[in-house]
Amino acid sequence: MFLILAVVILGSAVLCVTTKRIMRAATFLLFVLFGVAGIYFLLDYTFLGAAQISVYAGGVTMLYVFAIQLVGKRSLQGLVEQVRGSRVIFGAIMSLVGLATVLVVLFKNQFIYAAAARPDTEVPMEIIGRALVGADRYQYVLAFELISVFLLACIIGGLAVARKDSLRKEE
């Protein structure tokens with residue numbers, strides 16, 4: 001089952017970033033999120049699986065709404081901009097920076113070392129939860145708060161763009 005989910009996740013992720021149509025990209029993203037939820041259910045993390053489906057699948061539904069409302073009709077029909085080589089290089093560099101950041105975070109967390117010291121035992125969910133929502137060193141509640149403020153700014157920006165478009169149509 002894991003291999004099937006892994007193939008679905010990886011295939012959908014590749015198709016999501018390579019397709020030229022925004023609605024198809026959002027649909028492939030939905031498949032990725034359901035696949036990740038399936039992995040959570042395989043690991044018996046039912047709460048995380050349910051949260052993955054409800055929060056992120058609901059978020060993809062909002063992505064559909066914003067895509068339909070904010071993106072022009074011609075873009076939805078497949079008109080895309082040409083990608084320059086410099087943008088691809090910049091994207092590759094930023095991907096490597098993101099990978100390095102993830103690796104640094106993984107190696108600085110104490111539950112990674114605890115799992116390596118006792119490979120036959122699994123890390124309790126309480127330790128992972130404290131690392132994610134704690135405010136001490138190497139804990140990530142501040143990062144979650146910054147992401148929530150960033151998402152709020154994106155929503156406000158989307159509403160501002162939609163309002164400007166509706167004001168232009170009225171004139």
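Predicted model: local features only at pLDDT ≥ 70, side-chain atom pairs only at ≥ 80, totals over all residues.

Modeller: Start with V8. Is it buried, partly exposed or exposed?

Biologist: Buried means under 20% relative accessible area, exposed means over 50%, and partly exposed lies in between (1.4 Å probe, protein chains only). V8 has a relative accessible area of 36%. That value falls in the middle class, so V8 is partly exposed.

Modeller: Before going on, what pLDDT do side-chain atom pairs need in order to count?

Biologist: The expected span is 1.5 Å times one less than the number of residues. α1 has 17 residues, so it should span 24 Å. The model agrees, with its end C-alpha atoms separated by 24 Å.

Modeller: What arc do the buried residues of α1 cover?

Biologist: L5, A6, I9, S12 and C16 are the buried residues of α1. They sit on the same side of the helix, because their arc around the axis is limited. Taken from the directions from the helix axis to the C-beta atoms, that arc is only 145°.

Modeller: Which helix do those buried residues pack against?

Biologist: Take S12, with a relative accessible area of 8%. Contact means heavy atoms within 4.5 Å. Leaving aside neighbours within four places in sequence, S12 is in contact with F28, F31 and V32. The buried residues of α1 pack against α2.

Modeller: How far apart are the C-alpha atoms of V8 and G35?

Biologist: Along the chain, V8 and G35 are 27 residues apart. G35 is one of the buried residues of α2. The C-alpha atoms of V8 and G35 are separated by 6.6 Å.

Modeller: V8 also belongs to a nonpolar surface patch. Which element gives the most residues to it?

Biologist: A patch is made of residues with over 30% relative accessible area and no salt bridge; like charges are joined within 9 Å, and nonpolar side chains (Val, Leu, Ile, Met, Phe, Trp, Tyr) within 5 Å. A salt bridge is a side-chain nitrogen of Lys or Arg within 4 Å of a carboxyl oxygen of Asp or Glu. This patch of about 740 Å² is made by M1, F2, L3, I4, V8, F31 and L42. With four residues, the top contributor is α1.

Modeller: Now helix α3. What is the relative accessible area of Q52?

Biologist: Q52 lies in α3, residues 46–70. Its contacts, apart from neighbours within four places in sequence, are L33, V36, A37, Y40 and A57. Q52 counts as buried, because its relative accessible area is 7%.

Modeller: Last one, for the whole chain.

Biologist: Accessible areas come from the Shrake-Rupley method with a 1.4 Å probe; for residues, only the protein chains shown count as cover. Of the 171 residues, 15% count as buried. The chain exposes about 13,100 Å², and the carbon and sulfur share is 70%.

Methods: Residues numbered from 1 in each chain as written. Heavy atoms only, no water. Helix = DSSP H or I, 4+ residues; strand = E, 2+ residues; numbered from the N terminus.
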